[in-house]
Amino acid sequence: MATLVLIEDEANIAEALRFILGRDGWEVTIHAEGRGALDVIRARRPSVVILDLMLPGQGGFEVLAQIRADPELAAIPVLMLTARGQMRDREAAARAGADLFMAKPFANAEIVAAVRSLAGGRAS
């Protein structure tokens, strides 16, 4: 089973994503704030990270910078989520090293397809 780390502070979104992606064959680990996210990613060594932009403790861009700066984690694909889908946010995410950017709300099929794409095709 492929692993995924979801860094998301909105519990309803996190649980919905765990259900949707779990049904697609993903083992999803949820962490609800930016602080400590890197430790979770290091411990789990996921195939994909889904990272919310606005998090308590430490923002998504800071977490992404830490992932990209760590040689052991830098190659992990990151899908950045945000409630703000403006072009400048998308551009900032791309500059920061996000592989994909998705605005909330999103369709279930859209998030599954994005995660599969980042993982090279499928979960299992």
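Student: Which side chain does the side chain of E8 make a polar contact with?

Tutor: The side chain of E8 pairs with that of K104, at 3.0 Å. A polar contact here is a pair of N or O atoms within 3.5 Å; within protein, one must be able to donate a hydrogen and the other to accept it, and residues adjacent in sequence count only if both atoms are side-chain atoms. Keep in mind that this is a predicted model, where local features need pLDDT of at least 70, side-chain atom pairs count only at pLDDT 80 or more, and totals for chains, interfaces and linings use all residues. Numbering starts from 1 along each chain as its sequence is written, and side-chain values use heavy atoms, leaving out hydrogens and water.

Student: Where does E8 lie, and is E8 buried or exposed?

Tutor: E8 is in the loop between strand 1 (2-7) and helix 1 (11-23). Helices (H or I, at least four residues) and strands (E, at least two) are DSSP runs, numbered from the N terminus. E8 is buried, with a relative accessible area of 1%. Buried means under 20% relative accessible area, exposed over 50%, and partly exposed in between (1.4 Å probe, protein chains only).

Student: What else is E8 in contact with, neighbours within four places aside?

Tutor: Its contacts include I13, I30, H31, D52 and L81. Contact means heavy atoms within 4.5 Å.

Student: Back to K104. What kind of peptide bond joins K104 and P105?

Tutor: A cis one, with omega about -5°. P105 sits in the loop between strand 5 and helix 5.

Student: New topic: helix 4. Which of its residues are buried?

Tutor: In helix 4 (residues 87-96), those are D89, A92 and A93. Down the helix axis, the buried residues of helix 4 fall within an arc of 100°, so they line one face. That arc is taken from the directions from the helix axis to the C-beta atoms.

Student: And what is on the other side of helix 4? What covers the buried residues?

Tutor: M87, R88, A94 and R95 are exposed on the other side. The cover over the buried residues includes helix 3 (60-69), strand 4 (78-82) and strand 5 (100-103).

Student: Where does R45 lie?

Tutor: R45 is in the loop between helix 2 (37-44) and strand 3 (48-52). R45 is partly exposed, with a relative accessible area of 40%.
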